[in-house]
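Please open the structure in a viewer and keep the selection tool at hand.

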Amino acid sequence: MAKQKQPDITRRRSLSDPLAAALLPPPNETDDERESRLKAATDAKRVSDGIDEMIRYERTHRKRNRAEVQVLLLGQSESGKSTCIKQFQLLHSPSAFHAERIAWRAVIYLNLVRSVRRILDALEPETETIDDPADEGEPYSLGEPASLIISATGRPESAILGTKVPNYEGYRRRLQPLMQLEDRLIRLLSSPDEDEPTHFGPWENYAPQPYTAYLNQGRNGRPTPTIFIPQTQLASSSSSSPLNGASSATSSPTNSTGRSKGNEVAVHISRDWKKSFSLGGKAKSPKSAHSGEIEGWWEDPDDPVHVLHACAPYMQEMWRDKKVRERLREKRMRLQESSGFYLDEIPRITAKKYIPTDADVLKARLKTMGVVEHTFSISSGSNRGVQWKIFDVGGSRNQRQAWAPYFEDINAIIFLAPISAFDQVLAEDPHVNRLEDSLQLWQGVVSNKLLAKVNIVLFLNKCDLLLAKLDAGVRLSHHMISYGDRPNDYDSVSKYFRNKFGALHHAVTPNKDRELYIHLTAVTDTRRTATIISNVRDIIIKGNLKTMKLV
Ligand SMILES: Nc1nc2c(ncn2[C@@H]2O[C@H](COP(=O)(O)OP(=O)(O)OP(=O)(O)O)[C@@H](O)[C@H]2O)c(=O)[nH]1
Ligand SMILES: [Mg+2]
């Protein structure tokens, strides 16, 4: 019934609408007239669709050309991507950066507590005999501190005997509250439903170890410590590709409390940990007028600061203990070079009214999970009005499968390779040298055809740590035999890395015209990084316009 009535309704409505009435077929239309009317309508629709398409295209194109630049930050875990974002924030939205400072307290506290636990674990008497790298017949770095004596068996005497730390039991007992605090901070910072809330490798990863390349067998059947760079493009389906997220992570050993040793805390992007921590507790004081920060946490007896404050003298005593330092040297733990190192500033960090400084926030270590988007509007200079979307990705192997969907729309990549890590292994796979992983990752990125037109900027990062490491006598050639007998100074080593990464790009890029911009960086250094960031911004904008043939 409703169907039969329909034409009448349409006609009635159409007659009350002059446009619809004009479009209605004439009452006595012939077949020819009908055909030409329908043809005219089809032609008109085609023109109209074309106009719509043009409008859509122009809108997208205008957005890309003028208003927005999309940048992807890539690199292995701990390469400095999130630190780089913090520098962008500091430069372009300092008030937001400062407003979040207090929230970083939780992370800084956790970083400090982690360092303390790493020391306690290293002092444990039974750890003297476990998993010493010397057991695997690895050559020792002769550049290690002089206290290392190479024995006839190739093992340092001190590693066999192990320096006794008489105060070990006392330290462990008095610092026990920190271990409970660690659990609390982890719970505070991680989501309970997180697939992988903590994913650090064993603490040994913080101690530089000789690299083992299992792909290259030495003459005596032992692995040769060298860097292996595959010459073929990384197939995305290859299970060994550093880009595809495959991980051969070994399980972390657990300590006597059953807690996974050295697992790293990651906060998922969906969790508003900054808010929950900065406003948590029973803060009583009014909002600080100038900084937007909530103060008064020190009046809350449950705030973590009280445990830290009470333990501070013992932490300090342990960190200054000569026997402890000796033991750490034997274990090859250079905590000063590890992420989130605050042990040299215990009194300041554990003060009741401690507010993290910019430098503290830049040093704080929190692993990224997933892809985090940051938007900045540049309000001055030649890039005025341009909106920057910067994507910060998780860099550990099991996070890398999330990268590829972002390859299509981006204008530029900033790739970070921490070149100080030549004597370290991946947290997620202690069989892979970090520098080798960076080189493979780099090769995968620069050879990728999807990225052929994308501008690429390379940050050879952590140059400050590289300098310190070389000054401490650690020799690159002991970990990378291709370095040969070149001088072990900063200039030679950094030049070598610059050439190595540059040559690899040149060899595998699908776009021979692409210019590569390489910077030696220490992204924790605000002044130098600000200059580099503004150069990079100009390079990216210029490269972008060139790609779109606008200059
Ligand atoms: N000394 C020094 N430390 C750095 C430098 N760059 C980064 N760091 C520190 O290294 C640690 C790791 O840096 P992040 O920025 O968290 O690394 P990431 O690349 O984001 O790591 P994922 O999130 O796991 O992918 C942090 O504690 C940083 O403060 C540098 O150039 N020098
Ligand atoms: Mg990160």
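How many residues surround ligand 1, and which are the closest? Select ligand 1: 25 residues surround it, and the closest are Gly80, Ser82, Arg365, Thr368 and Gly395. A residue belongs to this surrounding shell if its C-beta atom, placed from the backbone, lies within 6 Å of the ligand.

This is a predicted model, in which local features need pLDDT of at least 70 and side-chain atom pairs count only at pLDDT 80 or more, while totals for chains, interfaces and linings use all residues. Residues are numbered from 1 along each chain as its sequence is written, and chains are lettered from A and ligands numbered from 1 in the order in which they are written.

**First stop: the shell around ligand 1**

Colour α4 (81-92), α14 (358-363), β5 (367-369) and α16 (463-471), the elements that give two or more residues to the shell. Helices (H or I, at least four residues) and strands (E, at least two) are DSSP runs, numbered from the N terminus. The element that gives the most is α4, with three residues. By class, the shell has four nonpolar, 14 polar and seven charged residues; Ala, Val, Leu, Ile, Met, Phe, Trp, Tyr, Cys and Pro count as nonpolar, Asp, Glu, Lys and Arg as charged, and the others, Gly among them, as polar.

**Second stop: strand β5**

Select Thr368, which is located in strand β5. UniProt, in an unreviewed entry, lists Thr368 under "binding site"; such annotations may be inferred rather than shown by experiment. Thr368 counts as buried because it has 21 C-beta neighbours inside 10 Å. The term buried requires 20 or more other C-beta atoms within 10 Å of a residue's own, exposed means 12 or fewer, and partly exposed lies in between, with C-beta atoms placed from the backbone. Lys367 also lies in strand β5 and is buried, with 23 other C-beta atoms within 10 Å. Next, select Leu366, in the loop between α14 and β5.

Select residues 490-508, which form helix α17.

Definitions and conventions
Expected span 1.5 Å × (residues − 1).
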